[in-house]
Amino acid sequence: MDLLRILTDSLRAAVGVSAAAYALAAAGLNVHFGYTGLLNFGHVAFMMMGAYGTAVTVDQGGPLWLGLLVGVAAAALLGLLLGIPTLRLRADYLAIVTIATAEILRLVARSHTAEPLTRGVFGIQQFADPFYALNPIPLGRYGFGSFNFSHRQLWVVLVGWAVVALVLLLLTALMRSPWGRVLRAIREDEDAARSLGKNVFAYKIQSLVLGGVIGSLAGVLLAVDTQAVNPDTFVSILTFYAYTVLILGGAGRILAPIVGALVFWFLLQLSDGLLRGAVEAGWLGSLIEASDVAAIRFALVGLGLVLLMALRPQGILGSRQELLTDER
Amino acid sequence: MPTAAAYLITAALLLGSAGSSDSGESIGGTLNHEGQPVAGVTITVSLSDRAVGSAESAADGTWEIPVRGPGVYQVEIDVASLPEGLALRDPDRSVLTAVEVQAGQHKAVVFPMGERQAEQSAAITRLLNLVAKGLTYGAIVALASVGLSLIFSVTGLINFAHGEVVTFGAVIAWLLNASPAGPRLHVLWAVLPALALTGFMGAGLERGLFRPLRRRRTGNVALIVVSIGLSLFLRHIYLLFLGGAPRAYEQYAVQAQQSWGPISLPPKDVMILVVALAALVGVGLMLQRTRLGTEMRAVADNKDLAEASGINVDRVILHTWVLGATLAGLGGILLGITQTVQWDMGFVLLLTMFAAVVLGGIGTAYGAALGGLIIGVATETSTFWLPVEFKVVVALGVLILVLLVRPQGLFGLKERVG
């Protein structure tokens, strides 16, 4: 087992495009869950809107920048459509409807009926060439030793983290504003906010749309990185990856998405690498095969989510006082 | 039919000259109906409206048509050449317009066969059959949903891991029944131990996880996140031990359909319907007539008041978990009998259960049962008008519609919602 390689792989994963995309997704969830207390279990639907909005627009002959706008607009629209029937109801209804909608959208995208637009189960490929044509980084590999990126990867990674930084700056400003304070007031005590004359419903809708739009950027980033969208990428597990990232970082904290994504992807890749190494070295005998590693990875994320929520719901950065996890 | 004759000639020419080569691309398949090969059926391949080749299925039902290079071909089965009484299961799919052949690929194409039905009453018969199938499926959904609803009503927790409890029952029964390492019990004998273990699992979740968290005054939102993490964890543990492929029980896996008037169902489906309805009636009687049932309703109504009047709330919650899990496990086993056992069967069912529970009114046991039946029938009959792939979409569509129009559901009280 090559420990050094596993470690550099894990480091690469911690700063890679996936980590940036999940930081973005978690930033969106932070607006929903961390600041407003909305239980959005269908975040993957917003990511899907971004990815498919971009891919379908380009596939139909539009330019890439228009695709990005379409994806973001579709996510905003989805936020409105989801919010109107559910945000007047108790938190669990939003959870149910969002997880259901995410599944509906995935099933529709992979259906025969939608094939003219989405190309069904085959998905759409090679739509982001203009983005790579803009790459100013000269050809080559950059990094130290085995910790390196190709010029193509580096371009996506840099753009991805730049978007994360911009979004987090915007969120910092927003959450310090009176608007952000109302969101937190709603999280703490909805009735109190209402009794102060705030239109709680409107604020919740705005929060859902804003977080959804940020989530859609995560979807665009994932799609541009792989140059492919496929309905079966956008399963509900992505939502719970984002939750784990957020809660690991500390829900309700501005920097939680970055810290969470770095630690999450490092640990995920590390456990993956160690497991695979152990399987290859034959230490586990016939108990676990290489094909089982993916299942173990998902199981570990689930277990991690349970343990985090039970033992340290404030995550790495959070404070227990400012949390919606205790009964009031 | 002149075109068919032309195709036949082309086919004869092709068969005489080229035949199927191993190196080039081809499209082929095997036609069969209930395991019997179907011979003498003409199939044509064309590329942008120009015929590429044609073939007739051989005595063993196989056919193969060589094509020139990769591309997207159109494959058509000549419905008129099918033997008497046979038809395509989906009459609209006699022409497949987008068959993609990769370089060097021998592309397999499937035309599922079914009985041809009398044209006149076919529509009504099909609808009736779908309703019957829907009732069976709905009864299973109802069983599982009642458990979900009961647990919600006494604890206030929407358990997103309830689907995994459903799967647990089905998987344990499979281990006892068909696993190479298991004792290979008859599936009916496997039911009782599987249900006992599933009930035990419910008790374990309450005692080991949710009660300690409640004691620490963990809020509802956090508990929901815990339950979804638990669902993710358990589901992939099943995947690890069961593998991704669907598993069938040793008994009742394949059954001939039996006719009751216009309705034909496999007998197992009828038995499932009877068992599920009996279990539902049993739960209803228990809730109304027994002391435990009264206590459950009291705790659901007002926990503090129930506690003050001498009810041991923790014990009632524990018993509700056991009952809810057992019902879910039974639903899982029945689902495994009528379909197959799969690692994510419960998670797929979860969304349908939500639709049932919301339709009936969250926290009302009878509502969940009725909601399950309605959702079952609605999803199955929807395939009469909509493609099968939209089945789940229909259930979720109902869910969203109910929330828009009557969020408290059919039986819910308005105050529960806000």
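How many residues does helix α10 of chain B have, and what does it reach from its first C-alpha to its last? I noted before looking that this is a predicted model, in which local features need pLDDT of at least 70, side-chain atom pairs count only at pLDDT 80 or more, and totals for chains, interfaces and linings use all residues. Residues are numbered from 1 along each chain as its sequence is written, and chains are lettered from A and ligands numbered from 1 in the order in which they are written.

**Helix α10(B).** I found 16 residues, 345-360, reaching 22 Å, close to the 22 Å expected at 1.5 Å a residue (1.5 Å times one less than the number of residues); helices are DSSP runs of H or I with at least four residues, strands are runs of E with at least two, and both are numbered from the N terminus. I then located a bend of about 30 degrees at B:L351, taken as the angle between axes fitted to the seven residues ending there and the seven starting there. Just after the helix, B:G361 has a positive phi of about 110 degrees.

**Strands of chain B.** I looked up β7 (residues 71-77), which runs antiparallel to β4 (residues 42-47) through four bridges, pairing being assigned where DSSP finds at least two bridges. B:V75 in β7(B) stands opposite B:V45. Five bridges also join β7(B) to β9 (residues 95-101), again antiparallel, and there B:V72 stands opposite B:E100.
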